[in-house]
Amino acid sequence: MNNRNLARGLLLMAISLLFGLTALHYPIGDFSRGGPGLFPTIVSGLLFIIGLATAIRARFVDRVPLDINPRNISIVLGSLVGFAVISRLNMMVGIIVLVFVATAAGTSYSWVRNVKISFVLILIALAFQRFLGVNLPLY
């Protein structure tokens, strides 16, 4: 298989099945009183639909060769590890490290864009903390 779009669709479907089947072990409840398995089941179902659409679309568009770049994979994994380690102390700094390191794997690097992305992600984290009551170590 040397088709990046098909591989992307199949990977999305596999991830959705992994999380969706795991979520089915929890009570789902109903929409008026959802159980702990409802949200992951809905999200994994939507992700499966996106993956299926991507895989079907891959049959009708030109093939894009699948290339694996170990350097970029290492950079993104390193940014995730940095985020996990730094977030134990301060999640805002962890988000900034994640964004600035992960974007080094891209084709273009813009510190202005990175600042904007970091700002939006920190605002989203603050909204989760303030409005949804999620316990995040942001400070």
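I'll start with helix H4. H4 covers residues 91-102, twelve residues, and reaches 16 Å from its first C-alpha to its last, close to the 16 Å expected at 1.5 Å a residue. Keep in mind throughout that this is a predicted model.

Which residues of H4 are buried? They are Met 91, Gly 94, Ile 95, Leu 98 and Val 99. Looking down the axis of H4, you find these buried residues within an arc of 130°, so they line one face of the helix. An α-helix has 3.6 residues a turn, so residues three or four places apart point the same way.

What do the buried residues of H4 pack against? Two helices: H3, residues 70-87, and H5, residues 111-132.

Now the pairing with H3. The axes of H3 and H4 are 8 Å apart, and the two helices pack at an angle of about 170°. That angle is over 145 degrees, so H3 counts as roughly antiparallel to H4. On the H3 side, the residues that meet H4 include Ile 75, Leu 80, Phe 83 and Ile 86. On the H4 side, the residues that meet H3 include Met 91, Ile 95, Leu 98 and Ala 102.

Next is H5. H5 has 22 residues, which should span 32 Å at 1.5 Å a residue; its end C-alpha atoms are 31 Å apart, which agrees. Its buried residues are Asn 114, Ser 118, Ile 122, Ala 125, Leu 126 and Gln 129. They cover an arc of only 105° around the axis, so they sit on the same side of H5. H4 is part of what covers them.

And what does the face of H5 turned away from the buried side carry? It carries the exposed residues Lys 116, Phe 119, Phe 131 and Leu 132. After H5 comes Gly 133, which has a positive phi, near 75°.

Is Asn 114 buried or exposed? Its relative accessibility is 0%, so Asn 114 counts as buried. Setting aside residues up to four places away in sequence, Asn 114 touches Val 99, Phe 100, Thr 103 and Tyr 109. Val 99 is itself one of the buried residues of H4.

The other is Gln 129, also in helix H5. Gln 129 has a relative accessibility of 19%; the cut-off for buried is under 20%, so Gln 129 counts as buried.

Last, two residues from elsewhere in the chain. Ile 56 belongs to helix H2, residues 38-58. Its relative accessible area is 45%, so Ile 56 is partly exposed. Ile 56 and Asn 5 are 51 residues apart along the chain, with their C-alpha atoms separated by 9.2 Å.

Val 61 is in the loop between H2 and H3. At 30% relative accessibility, Val 61 counts as partly exposed. How far apart in space are Val 61 and Ile 117? They are 31 Å apart, C-alpha to C-alpha, and 56 residues apart in sequence.

Definitions and conventions. Residues are numbered from 1 along each chain as its sequence is written. This is a predicted model: local features need pLDDT of at least 70, side-chain atom pairs count only at pLDDT 80 or more; totals for chains, interfaces and linings use all residues. Side-chain values use heavy atoms; hydrogens and water are left out. Helices (H or I, at least four residues) and strands (E, at least two) are DSSP runs, numbered from the N terminus. The expected span of a helix is 1.5 Å times one less than its number of residues. Buried means under 20% relative accessible area, exposed over 50%, partly exposed in between (1.4 Å probe, protein chains only). The arc is that of the directions from the helix axis to the C-beta atoms. Contact means heavy atoms within 4.5 Å. Axes are lines fitted to C-alpha atoms, for helices over the stretch in contact, and angles run from 0 to 180 degrees between N-to-C directions. Angles under 35 degrees count as roughly parallel, over 145 as roughly antiparallel, 65 to 115 as roughly perpendicular and the rest as oblique.
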